[in-house]
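Please work through the exercises below with the sequence and the model in view. Each task is followed by a solution in steps.

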Amino acid sequence: MADLTTDFLGITSPNPFWLASAPPTDKEYNVRRAFEAGWGGVVWKTLGAEGPPVVNVNGPRYGVIHGADRRVLGINNIELITDRPLEVNLEEMARVKADWPDRALIASIMVPCEEEAWKAILPRVMETGADGIELNFGCPHGMAERGMGSAVGQVPEYIEMVTRWCKQYYDRPVIVKLTPNITDIRKPALAAKNGGADAVSLINTINSITSVNLDTMSPEPTIDGKGTHGGYCGPAVKPIAMNMVAEIARDPETAGLPISGIGGITTWRDAAEFMSLGAGNVQVCTAAMTYGFRIVEEMQAGLSAWMDEKGYSRVSEVVGRAVPNVTDWQYLNLNYVTKARIDQEACIKCGRCFAACEDTSHQAIAMSPDRTFTVKDDECVACNLCVDVCPVEDCITMEELQAGSVDPRTGLTVQKEPANWTTHPNNPGAVAAE
């Protein structure tokens, strides 16, 4: 059996699945239920400084994008950080950590961008016995308007400054949570590293408006006829999150910086993909909100079975495995040639591949009078669109042309070695990026 135990920054947990800082981790009751269900750790919902109370809306807080089967693809939320008193949260955190010493417990924190505010809260968090802190530099709504959250995360100088304060006044691991609402994720990651951060976590939610009520002409969720942008999360953001994780993992200046992966993780496969791109563990929110805490049982069982099948004995053996294969476009092998192949026995003759290719791609699929669909190799550019739109899994596949064969589309002999990007016939006049 594969060992799912993880050591992230010296914090040991029985598996790599943590709950992200969000509504599911807002109170002792929820966190105890999460640990009973099998979660390896939690990041407590973001704590704020003492002072004027945080007041959330008393109306809809979520907007949802559904798939055709009403499966939740993405959730937009306009909820703020915890609206419960700081002292209550700290007392609950201490009790939970005392009762569950084998689980990771991280305190998410967001206070004004002032040294004294951080200096005041950090010793109190330390007294709870929490394993570390996560600096919430990502929340894009509500708190950002007050100079916190993504308002800090979008300014590398602020990230580095606040991280230095926290490393000065706190002697346990400091994780910096990054906002995706930025042009180049590597810059805030480098700022966190320069400030002494022990790790980064990403992504936080993406600025979004999920829908508009066309009767009231107001964005949803609607509060008394008005709406606002919120933070988008769920399966729909996974591709964006994985790209940002990979960019940090493969950049020479940030490579080696531990990463906690967040963004649309719903299955064990999602988690394995994040970890292969450099994440040492993963944080989950939307999946738990959609299916409940016991979804972690499926995640653990699936990950363990896959690791056994592949011969991985520890999670650490998976982390970063795919990073060397993430490259820039200019380094892709232009001598690698594939063609689409249609399995006639599996084909249900729906015609989706033909319609997609004929109307929007390269007219590389022929349709006979009896609706038999075949690929025209001399037109096929292997774009994969037919594979993607086909409703029957593995009915259409891409077959590699072997070295020495002639590509019927270009008339060129397929070579084994990668071509020079600047001189390849398919890229006349191309200039390699520096």
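The exercises that follow concern a predicted model.

**Exercise 1. Domains**

Determine into which domains the protein chain is divided and how far apart their centres lie.

Solution. The chain is divided into domain 1, residues 6-325, and domain 2, residues 329-423. Taken over C-alpha atoms, the centres of domain 1 and domain 2 are separated by 40 Å.

**Exercise 2. Helix H3**

Describe the span of helix H3 and explain how its buried residues are arranged.

Solution. Begin with the span: H3 covers residues 115-126, 12 residues in total, and its first and last C-alpha atoms are 17 Å apart. This is close to the 16 Å expected at 1.5 Å a residue. Next, identify the buried residues of H3, which are Ala117, Trp118, Ile121, Leu122 and Val125. Viewed down the axis of H3, these buried residues fall within an arc of 115°, so they line one face of the helix. Finally, consider what covers them: the elements include strand E4 (41-47), helix H2 (86-99), strand E7 (104-109), strand E8 (132-136) and helix H5 (156-169).

**Exercise 3. Aromatic pairs**

State how many aromatic pairs the structure holds, and classify the pair of Phe8 and Trp18 and the pair of Trp306 and Tyr312.

Solution. The structure holds five aromatic pairs. In the pair of Phe8 and Trp18, the ring centres are 5.9 Å apart and the planes stand at 85°. Planes over 60 degrees apart count as edge-to-face, so the pair of Phe8 and Trp18 is edge-to-face. This pair links distant parts of the chain, since Phe8 is in strand E1 (residues 6-8) and Trp18 is in strand E3 (residues 17-19), 10 residues apart. Both Phe8 and Trp18 are buried.

Trp306 and Tyr312 form a tilted pair, with 5.4 Å from centre to centre and 45° between the planes. Trp306 is buried at 18% relative accessible area, and Tyr312 is buried at 18%. Ring pairs also join Trp268, Trp306 and Tyr312 into a cluster.

**Exercise 4. Helix H8**

List the buried residues of helix H8 and name the elements against which they pack.

Solution. In H8 (residues 268-276), the buried residues are Asp270, Ala271, Ala272, Phe274, Met275 and Ser276. They pack against E3, helix H7 (238-250), strand E15 (259-262), strand E16 (279-284) and helix H10 (295-310). Just after H8, Gly278 adopts a positive phi of about 120°.

**Exercise 5. Glu379**

Locate Glu379 and give the residues that it touches.

Solution. Glu379 lies in the loop between strand E19 (373-375) and helix H12 (385-389). Its relative accessibility of 37% makes Glu379 partly exposed. Leaving aside residues up to four places away in sequence, Glu379 touches His362, Gln363, Ala364 and Arg409.

How values were computed:
Residues numbered from 1 in each chain as written. Predicted model: local features only at pLDDT ≥ 70, side-chain atom pairs only at ≥ 80, totals over all residues. Heavy atoms only, no water. Helix = DSSP H or I, 4+ residues; strand = E, 2+ residues; numbered from the N terminus. Expected span 1.5 Å × (residues − 1). Buried < 20%, exposed > 50% of the residue type's maximum accessible area, 1.4 Å probe, protein only. Arc of directions from axis to C-beta. Contact = heavy atoms within 4.5 Å. Domains from an automatic or database assignment. Phe/Tyr/Trp six-rings, centres within 6.5 Å; stacked < 30°, edge-to-face > 60°.
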